[in-house]
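I opened the model to look up a few points and noted each as I went. The entries follow in the order in which I took them.

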Amino acid sequence: MASVQLKNLKKAYTKDNLVIDDFSLDISDGEFLVLVGPSGCGKSTILRMIAGLEDITAGEIFIDGNLVNDQPPKNRDIAMVFQNYALYPHMNVYNNLAFGLKLRKFPKQEIAKRVKLAANILEIGRYLQKKPKELSGGERQRVALGRAIVRDPKVFLFDEPLSNLDAKLRVQMRAEIKKLHNELQTTMIYVTHDQVEAMTMGDRIVILKDGIAQQIGSPMEVYQVPSNRFVGSFIGSPAMNFIEGDLTGNVFEGPGVKVELTDIEDQSNQKRSITLGIRPEDISIGQGQITAQVIVTEPLGSETIIHIKLADNPLVIKYPQLVFYKPGEKIIINFNTARIMLFDTHTGKRLK
Amino acid sequence: MKGKIKKLFLLSLLTVLALMFIYPFFWMIGGTLKPEIEVMNFSPFGSSWSLDSYRIMLGKIPLFRALFNSIIVSLISTVSVLVLSSMTGYALARLRFRGRSVIFNIILFTMVLPFQLTLIPLYVLMVKFGWVDTYAALIVPYTISAFAILLFRQFFMQVPHDLIDAARIDGLSELGILFRIFWPLSKPALITVGIIHYMGIWNEALWPMIVVRKLSMMTMPQMVALYAVGGQAESQVGTQLAAATLMSLPIIIIYLVLQRHFIASMASSGLKG
C-alpha cells in the first residue's frame, strides 16, 4: 500500500505536441482513483508515466514517498492490468501468474502459495494448466488481475481493463474489481473512457480533457457540481442538456424557453450570453409552460428516455416511469429550476 | 463428369512435372551405384549394384572432414544469424531511437547489392585480418543477414505492445523480452530463417573457394566442386555423382525432418518460397 504524488507532470512527444500539461495530483494510500476522459485526453499517458513505461518530459512522480522518475517499471513495485490482457500466449495460466515472481527470485513454495491464493480470490483455480487462448475474454481478464494480485504491489494500475468485454461481463467485472479493492485495500489507479465505470468504481474521479484536469472530486461532486460545461456533458448518462441563450436579471431566455431562476443575485438587468444546463432527470412532463415536440421514445423498462425538440434544439428527458409518446407529438415540459446550472457560453465555466 | 476429366488431366500433368523434377535426383543416386560404363544411360537402374564409386571417391578426398567443416560453419552461422538478426529486428521494430529508419533503409539497401559486388572488398578484409584458411573467414561474413532482420522486424511488429509493457513491469530486460517472450512467439519466423539460411550456407561454394585453399578447411560444396571439375575424379562420373549425393544428403534429410514446420512457417510468415 502506498500513496502516489504527481507533481507538475508534463509530457510532450514533440516540441509542439504537449499531451500532458502541468498535471498535479495526490492519491492517498488505499484510494481508488479513476482517470476518465475522451480518447486522446492523456489519461493512459499519465498511467504509463506512473508505471515507468513512458518517459516524463518534466515533473516528479513519488510512490510511497520515493521519487521514482528514473526507476525502471520493475523497481516501482506496481502491477498493471491492460486492456488486451497482455497474457503471455506461450505460457499456461500458472506460469503467467508466476512469471513476475520467478523473475524476482521468489522461492518456489512462496510462488505456489501466492498463485493459489490469487486463483482462489478470482476463482480461476481450474484454469491453471490452460493456455490463454483456451480461455474466454472474462477468464483472461481474471488471469490478468491475478497476475497483478500475486505480486502484492504497492499500487495497482488499470488501463481500460474492461473495454474488450461484453456489456454483461463488464458489469460483473466492475463489481469484482471494486470487491477486490475492498478486500486488498491497495491504492488503485484506474483509467477508463466510460463514465459509468468512473462513477460506480472511483472514490475520486479526475476528468481529463486535452491533458488538463477539468475537475477532481468524488463521483457525486462531479455529477452534481460540475466545474464546467465539459464535465457536465461528460459525466451522466444520458448527457446533460444545454440551451444557449441570454440571462437578464434572473430570467433566462433561449430558443423556445423562458425560465425565471430563483437564486440569482445579479440584479443589474444587464443582458449576458449564458448556456443553461439541465440533467435529463430534472425535466418533468405534463405541467409548465414549455411546449416541445417528441422525436423518439426509448422505453427501458423501469424508465423512459424521450428525445424532444425545443425550437430545433434537441433535448433528452429521463422519465422515471414507462410512457410512450408518438414521434411529432406535442408535450408540455417543465424544468426543475433548483437544479438548473448556468455556464459561461464562451469559457464554459459554471456560474451557478 | 467434365470436372472429373479435368481433375484427371491436371493430376496427370502434375505427375509428369513431378517426375521431371525428381528424375535427376534418382538418376544421380542411381549413377553412384551403377557400373561406371552404364552411368550415362538414361535409366537410373544398372545391371549390377555396388558402392565402388563411394569407395573410390572417399579414398581420394577427405570428404568427412569437409562434412564436419560444413556442419560447423552452417551451424554457427545459422545460430548467429538467428540471435543477431532477431536482436536487430527487435531493436528496429520495438525500440525508439534516433536514426532508426535510416538504419533500416541501409539494411534494406544491402539486400539489393549482389554478393559478387562485395566479394573483392570482403576478400581484402579477410586477408588484412589474417583470416584466410580459417573458420572465421567462412563464418563471420555470414553472422547476420539483412533478409533475416527484415523478416524478424515484420514479425515482431505484430506482437501487441501491451505484452512488452507487461514483460517490462514483470521485470524482464530488453534481451529477456526478446528471448523469453518474442522467441517463443516467433517459432515460424525462427524456423523459416533457420532453414533458409542453413541451406544457403550449406550450398555456398563461391565464397569458400575464395578464402580457403587448405584441403582440411574446405567445405562440402567446395570439395565436391574441386573434385568434380578439378581433375581428381579422373573423369569418373560415378564418383563425381557420389560426392554430389553425399553433399546433398544431409540437407535433404534436414528438409524432410522439418518439412512440416517449414511449410507451416512459410505460410504463417507470409513469405513466398
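This is a predicted model: local features need pLDDT of at least 70, side-chain atom pairs count only at pLDDT 80 or more; totals for chains, interfaces and linings use all residues.

Entry 1, the contact between the chains. I counted 13 residues of chain B in contact with 17 residues of chain A; two residues are in contact if their C-beta atoms, placed from the backbone, lie within 7 Å. Helices are DSSP runs of H or I with at least four residues, strands are runs of E with at least two, and both are numbered from the N terminus. α8(B) gives the most to this side, with 7 residues. I sorted the residues of this side of chain B into 8 nonpolar, 1 polar and 4 charged. In this sorting Ala, Val, Leu, Ile, Met, Phe, Trp, Tyr, Cys and Pro count as nonpolar, Asp, Glu, Lys and Arg as charged, and the others, Gly among them, as polar.

Residues are numbered from 1 along each chain as its sequence is written, with chains lettered from A and ligands numbered from 1 in the order in which they are written.

I listed 8 helices and 19 strands in chain A. The C-alpha trace of chain A spans about 75 × 45 × 35 Å along its principal axes. Of the 352 residues in chain A, 39% are buried; a residue is buried if 20 or more other C-beta atoms lie within 10 Å of its own, exposed if 12 or fewer, and partly exposed in between, with C-beta atoms placed from the backbone. Among contacts in chain A with a separation of 6 or more, 65% are between residues 24 or more positions apart.

Most residues other than glycine have a negative phi, and most peptide bonds are trans.

- A:Ser237 and A:Pro238 are joined by a cis peptide bond, with omega about 0°. A:Pro238 sits in the loop between α8 (229–234) and β11 (241–248) of chain A.
- A:Asp64 has a positive phi, near 55°. A:Asp64 is in the loop between β4 (58–63) and β5 (66–67) of chain A. I put A:Asp64 down as partly exposed because 16 other C-beta atoms lie within 10 Å.
- A:Glu160 has a positive phi, near 45°. A:Glu160 is in the loop between β7 (155–159) and α5 (167–184) of chain A.
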